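Please open the structure in a viewer and keep the sequence at hand.

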Amino acid sequence: QVQLVESGGGLVQPGGSLRLSCAASGFSFDWYTIGWFRQAPGKEREGVSCISSRGESTNYADSVKGRFTTSRDNAKNTVYLHMTSLKPEDTAVYYCAADRGDEYFDGVIGCGDMDYWGKGTLVTVSS
C-alpha cells in the first residue's frame, strides 16, 4: 500500500522555523522525484519545491527561495522541508507528492503530474 505521510506542521511565529517530514512506504522511493506543495485557504494549490530521486537537484518557487530547503534521506524513505524566516503568507496545508522518474526542464528538476500524494500537514504562521 502506497503511503506518503507528512508531519511537523504546527503554529509558529513570523520569523520562526519548522521542519516538515514526508515518510514514504509501499513503493520504490529512490526512483521517485518528490515535490512539496501547499494550499492556502481560498487559494489554489501551488508548488513549493522539488527534489530529484537521488537528491542531487532541487528547485524552488520564487516565493520561498532562500528560505526553504528540501532534502531527502533515501535510506529512511523520507524527504524534508526545512522552512525558515516564515511569513504569515506561508500559512497553508503542505503536501508531499511523488512522481516516478526524474524530469528536467532546461536542466532543472521539475515536478509535473504526481503519482502519489500525502494528506497534508497544516502550517500556521501567526503571532
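Is Cys50 buried or exposed, judged by its relative accessibility? Select Cys50 to begin: this residue counts as buried because its relative accessibility is 4%, under the 20% limit. The model shown is a predicted one.

**First stop: the disulfides**

The link is right-handed, with 95° about the S-S bond. Distant parts of the chain are joined here: Cys50 belongs to strand S5, while Cys111 lies in the loop between strand S11 (108-110) and strand S12 (116-117), 61 residues apart. Cys111 counts as partly exposed, at 24% relative accessibility.

The structure holds 2 disulfides. For the other one, select Cys22 and Cys96, whose sulfur atoms are 2.1 Å apart. Cys22 is in strand S3 and Cys96 in strand S9, 74 residues apart. Both cysteines are buried, and their link is right-handed, with 70° about the S-S bond. When the bonded cysteines are numbered in sequence order, the pairing reads 1-3, 2-4.

Return to strand S5 (residues 46-51) and select Ser49. Ser49 is buried, with a relative accessible area of 5%. Its contacts beyond four places in sequence include Ile34, Trp36, Thr70, Leu81 and Cys111.

Next, select Ile34, Trp36, Phe68, Leu81, Met83 and Tyr94, the residues with the most contacts inside the largest nonpolar core, which has 28 residues. Strands supplying at least two residues each to this core include S4 (32-39), S5 and S9 (92-100). Centre the view on Tyr94: among the residues it touches, beyond four places in sequence, are Leu20, Trp36, Phe68, Leu81, Met83 and Val123.

Finish with Val5 in strand S1. This residue is partly exposed, with a relative accessible area of 45%. Setting aside neighbours within four places in sequence, Val5 is in contact with Ser21, Cys22 and Ala23. Its C-alpha atom is separated by 13 Å from that of Gly35, 30 residues apart along the chain.

Technical notes:
Residues numbered from 1 in each chain as written. Predicted model: local features only at pLDDT ≥ 70, side-chain atom pairs only at ≥ 80, totals over all residues. Heavy atoms only, no water. Helix = DSSP H or I, 4+ residues; strand = E, 2+ residues; numbered from the N terminus. Buried < 20%, exposed > 50% of the residue type's maximum accessible area, 1.4 Å probe, protein only. Contact = heavy atoms within 4.5 Å. Core = buried A, V, L, I, M, F, W, Y, C linked by side-chain atoms within 4.5 Å. Disulfide = S-S within 2.5 Å.
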